[in-house]
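Please look at the sequence and the structure shown below before reading on. The report after it moves from the whole chain to some of its parts.

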Amino acid sequence: MILKNLTTVEGKNISIEINGDKIAKIYEGIAPVGENMEGSLVTPSLIDAHAHLDSNFLLDVCKEAETPKFIEALQALLECKEKLRPEDIYSLAKKSIYYYLSHGSLYVRTHVMIDDNIDRLKYIAKLKEEFKDMINIQIIGFIQSYSYFNEEVEENMYKALEYADGIGGQPHLQPSREDGIMMIKKIFDAVEGKNKLLDFHADFADDSETKFSEVIISEALKRKMYGKVSLSHVTAMHSYNEDYFRRYLKWLRESEASVIVAPITALEESGAFEQYPKRRGIARVLDLLSAGVNVALGHDDIQNHLNPYGVGDMLQAGFVLAISSYMYFSPYARTIFDLMTYNGAKALHLSNYGLQVGNDADLVIYNAKSPLEALRDVKPRKMVISKGKIIYESKIEEKTVW
Ligand SMILES: [Zn+2]
């Protein structure tokens, strides 16, 4: 298959030949034969670096909280999650996969709750295997941490390692700083020396004194686990004072940890307990990037109590990032695409990824000719190709009366 007349994020006109599941050739300009894509933007697969396959579409099976307030919504979400039957977990996660595929996210890192048992993780692992020819799911055993990190939870974490690609948790939700630090150290102990990754929901709080990511960075440095750690959310960074932030940034860069931002849920959930002016807790993406820190992007929850609006489209996450992080000037559209593609690949430790001959033919073609147009219009994808096969196509027909 040859797709000709495509435009890259950098603005180059190319054509791509696919043979089997690989990119066989990339032509500069328009190839003599092939299907004409009329200058449409092409990227490698989008990467959703922060998802919860066991929390999506909970509103299909449970009611929304009666009071539209964060804490009630969170409570309703947790209750719903705990009472899900195995068949619900499986079918809701399967629905998520359809949403990810149709939006071109062929790589998804999902956190799956393991505090009470590892059943959810086993169902998601089963689904991962079942759909492996179309979508690459990376599983993080997630210690949601609304209860105390005791021996039972620790045991679940070790059991989870059999199925998961990595472990993570929310140390800032433990009762004291000492408890949070203990939890971080035990999570590092569990994965050190193994071929596993770490991804913490780090400092997902408004309080500027929430500083567990410094402990995570310190452990990563001590154990020489460079580049194996991700810090998701880090919304407290929004409120760190400049002196602390500058020192923190230096060590963050040295640890080679990635920061994963999920701007939709960060905006929804930050400032929940504040009077105006309220914080809008998004990590300092431009400062992180200019310091050389790898920043990736996640969509986070889809249609549950905390995000009824989610559809799992990374272009929506990118649009929200542009508006909320002072990245609305047109040159940043390309940067945002880097976050959703190559930076995500770095955080997820992917190989054979990207627009290069010999790599997997995982491609997204947009109903847009430039990154800015794609992020502005957020149209359905024109075509999604997974491992050399077209798995999604859309045709937009417009009728006007004027
Ligand atoms: Zn999350």
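Predicted model: local features only at pLDDT ≥ 70, side-chain atom pairs only at ≥ 80, totals over all residues.

Residues are numbered from 1 along each chain as its sequence is written.

## The chain as a whole

The secondary structure of the chain comes to 13 helices and 15 strands, where helices (H or I, at least four residues) and strands (E, at least two) are DSSP runs numbered from the N terminus. The radius of gyration, which is taken over C-alpha atoms, is 21 Å, close to the 21 Å that the globule rule gives for 402 residues, so the chain is as compact as a globular protein of that length. The globule rule itself is 2.2 Å times the number of residues to the power 0.38. Along its principal axes, the C-alpha trace spans about 65 × 50 × 50 Å.

Of the 402 residues, 51% count as buried; a residue is buried if 20 or more other C-beta atoms lie within 10 Å of its own, exposed if 12 or fewer, and partly exposed in between, with C-beta atoms placed from the backbone. Two residues are in contact if their C-beta atoms, placed from the backbone, lie within 7 Å. Among the contacts in the chain with a separation of 6 or more, 75% are accounted for by residues 24 or more positions apart.

In the table, axes are lines fitted to C-alpha atoms, for helices over the stretch in contact, and angles run from 0 to 180 degrees between N-to-C directions.

| Helix pair | Angle between axes | Distance of axes |
|---|---|---|
| α2 (residues 86-102) and α3 (residues 119-130) | about 40 degrees | 10 Å apart |
| α5 (residues 177-191) and α6 (residues 212-222) | about 30 degrees | 10 Å apart |
| α10 (residues 314-324) and α11 (residues 331-340) | roughly 135 degrees | within 10 Å |

Angles under 35 degrees count as roughly parallel, over 145 as roughly antiparallel, 65 to 115 as roughly perpendicular and the rest as oblique. A crossing is left-handed if the near helix is turned anticlockwise from the far one by less than a right angle, and right-handed if clockwise. For the classes of residues, Ala, Val, Leu, Ile, Met, Phe, Trp, Tyr, Cys and Pro count as nonpolar, Asp, Glu, Lys and Arg as charged, and the others, Gly among them, as polar.

Helices α2 and α3 are oblique to each other, and their crossing is right-handed. Their contact is made by P86, I89, Y90, A93 and K94 of α2 together with D119, R120, Y123, I124 and L127 of α3, and these residues divide into seven nonpolar, no polar and three charged.

Helices α5 and α6, by contrast, are roughly parallel to each other, and α5 passes α6 in a right-handed crossing. On the α5 side the contact is made by G180, I181, I184, K185 and F188, and on the α6 side by F212, V215, I216 and E219; by class there are six nonpolar, one polar and two charged residues.

Helices α10 and α11 are oblique to each other, and their crossing is right-handed. M314, G318, L321 and A322 of α10 meet Y332, I336 and M340 of α11, a contact with six nonpolar, one polar and no charged residues. Helix α10 is mostly covered, as eight of its eleven residues are buried, including M314, G318, L321 and A322. Just after α10, Y326 takes a positive phi of about 60 degrees.

## Single residues

M37 has its place in strand β4 (residues 35-44). Is M37 buried or exposed? M37 is buried, because 20 other C-beta atoms lie within 10 Å. Leaving out residues up to four places away in sequence, M37 touches L3, K4, N5, L6 and I365. The C-alpha atoms of M37 and L6 are separated by 6.0 Å, although these residues are 31 residues apart along the chain.

S145 is not a glycine, yet it has a positive phi of about 75 degrees. S145 lies in the loop between β7 (136-143) and α4 (151-160), and S145 is buried, with 21 other C-beta atoms within 10 Å. D203, in the loop between β9 (197-202) and α6, has a phi near 50 degrees, a positive value in a residue other than glycine. D203 is buried as well, with 30 other C-beta atoms within 10 Å.

Finally, the peptide bond from Y276 to P277 is cis, with omega near -5 degrees, and P277 lies in the loop between α8 (263-269) and α9 (285-290).
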